Amino acid sequence: MLLESTLSALPVSILSNWRSLQSYYQESIPEDTLRRAKQIGFSDKQIGKCLGVTETQSRDLRLEKNITPWVKQVGAARGFGQLLEIQIDTLAGEYPAVTNYLYVTYNGQEHDVKFDDHGMMVLGCGPYHIGSSVEFDWCAVSCIRTLRQLCRKTVVVNCNPETVSTDFDECDRLYFEELSLERILDIYQQELTYGD
């Protein structure tokens, strides 16, 4: 009953897609239905629940159908067939703003960056929790700085813009993303990062 009342409060397209997903089995779901679910924001875990499979099985199904997210740069825009670099000014105009902020989306057609660096992935602290986030962020920043001293590129994944590890000049690439299994694996596999 609680789930049904929660679902009734969702926008129509999300609710209709939820119900559509529930009408399929893992073996029968069409690629376009699965792709649309990803485009409107369903996670592998949510899709797995609808199909009666685990998150891992749902992910495997998505990858079998070659449905992967595109990496986009925050502030990048397209114009006249070229990528225009429009940077987000995080320095209030004091210095030239050159940022490396990235995110992933299923609503793209190409990547905004190349994946030649194969850096080391560092996970950020995530949301602040009094008494623990500062220590975790210190660990991430210390790790990034040590890797830089070792001449290694870094790929940071963090959803908290208020930490030092998300400063634009602290790492080589920064994904503002949730710290979920799905998102971390997507970035890891796309970047072909070291450290496994």
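Strand β4 (residues 101-105) and strand β7 (residues 173-176) run parallel and are joined by two bridges; two strands count as paired if DSSP finds at least two bridges between them. Strands are DSSP runs of E with at least two residues, helices are runs of H or I with at least four residues, and both are numbered from the N terminus. L102 has Y175 of β7 as its bridge partner. The model is predicted: local features need pLDDT of at least 70, side-chain atom pairs count only at pLDDT 80 or more, and totals for chains, interfaces and linings use all residues. Residues are numbered from 1 along each chain as its sequence is written, and side-chain values use heavy atoms, with hydrogens and water left out.

These two strands belong to an open sheet of five strands, ordered β1-β4-β7-β6-β5, with mixed pairing. At its edges stand β1 (70-73) and β5 (120-123), each with a single partner strand, so one side of each lacks a neighbour in the sheet. From one strand to the next, the twist averages 30°. Helix α7 (residues 181-191) packs on the sheet and touches β1, β4, β5, β6 (154-158) and β7, where contact means heavy atoms within 4.5 Å. The direction of α7 makes about 160° with that of β5; angles run from 0 to 180 degrees between N-to-C directions, and axes are lines fitted to C-alpha atoms, for helices over the stretch in contact.

Elsewhere, helix α4 (residues 44-51) packs against helix α5 (residues 55-64) at an angle of about 100°, with their axes 8 Å apart. That makes the two roughly perpendicular, a term for angles of 65 to 115 degrees. D44, K45, I47, G48 and L51 of α4 meet E55, S58, R59, L61 and R62 of α5.

Terms used:
Parallel < 35°, antiparallel > 145°, perpendicular 65-115°, else oblique.
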